[in-house]
Amino acid sequence: MDEIMTYVSGYGFPIVVSGYLLVRIEERLKELDQTIGDLARSIDRLIAASAPKI
């Protein structure tokens with residue numbers, strides 16, 4: 001807890017909170033990126049499967 005207070009007094013509350021939130025949200029952003037990639041690949045496969053074959 002002392003370490004956090006040192007950062008707050010040294011860098012300012014908004015900067016410390018912003019840094020904390022960026023670290024916390026990074027993992028969720030990675031998961032979201034993976035999920036969007038999976039969705040794009042699924043849509044591509046669906047389109048390829050339903051395309052008329054000549």
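## Close-up views of a two-helix predicted model

**View 1. Glu 26 and Lys 30 sit about one helical turn apart.** Four residues separate Glu 26 and Lys 30 in helix H2, so the spacing is about one helical turn. Helices here are DSSP runs (H or I, at least four residues), numbered from the N terminus. Glu 26 forms a salt bridge with Lys 30. The closest N and O atoms are 3.8 Å apart. A salt bridge requires a side-chain nitrogen of Lys or Arg within 4 Å of a carboxyl oxygen of Asp or Glu. Glu 26 is partly exposed, because its relative accessibility is 42%. Buried means under 20% relative accessible area, exposed over 50%, and partly exposed in between (1.4 Å probe, protein chains only). An α-helix has 3.6 residues a turn, so residues three or four places apart point the same way.

The model is predicted: local features need pLDDT of at least 70, side-chain atom pairs count only at pLDDT 80 or more, and totals for chains, interfaces and linings use all residues. Residues are numbered from 1 along each chain as its sequence is written, and side-chain values use heavy atoms, with hydrogens and water left out.

**View 2. Asp 38 forms a salt bridge with Arg 41.** Here the closest N and O atoms are 2.5 Å apart. Both residues lie in helix H2, three residues apart, about one turn of the helix. Asp 38 is partly exposed at 36% relative accessible area. Arg 41 is also partly exposed, at 43%. The count of salt bridges comes to two.

**View 3. A nonpolar patch lies on the surface.** Leu 22, Ile 25, Leu 29, Leu 32 and Ile 36 form this patch. Together they have about 490 Å² of accessible area, by the Shrake-Rupley method with a 1.4 Å probe, where only the protein chains shown count as cover for residues. Patch residues have over 30% relative accessible area and no salt bridge; like charges are joined within 9 Å, nonpolar side chains (Val, Leu, Ile, Met, Phe, Trp, Tyr) within 5 Å. Leu 32 belongs to helix H2 (residues 13–50). Leu 32 is partly exposed at 47% relative accessibility.

**View 4. Helices H1 and H2 pack at an angle of about 125°.** Their axes are 7 Å apart. H1 is therefore oblique to H2. Tyr 7, Val 8 and Tyr 11 of H1 make the contact with Phe 13, Ile 15 and Val 16 of H2. Contact means heavy atoms within 4.5 Å. Axes are lines fitted to C-alpha atoms, for helices over the stretch in contact, and angles run from 0 to 180 degrees between N-to-C directions. Angles under 35 degrees count as roughly parallel, over 145 as roughly antiparallel, 65 to 115 as roughly perpendicular and the rest as oblique.
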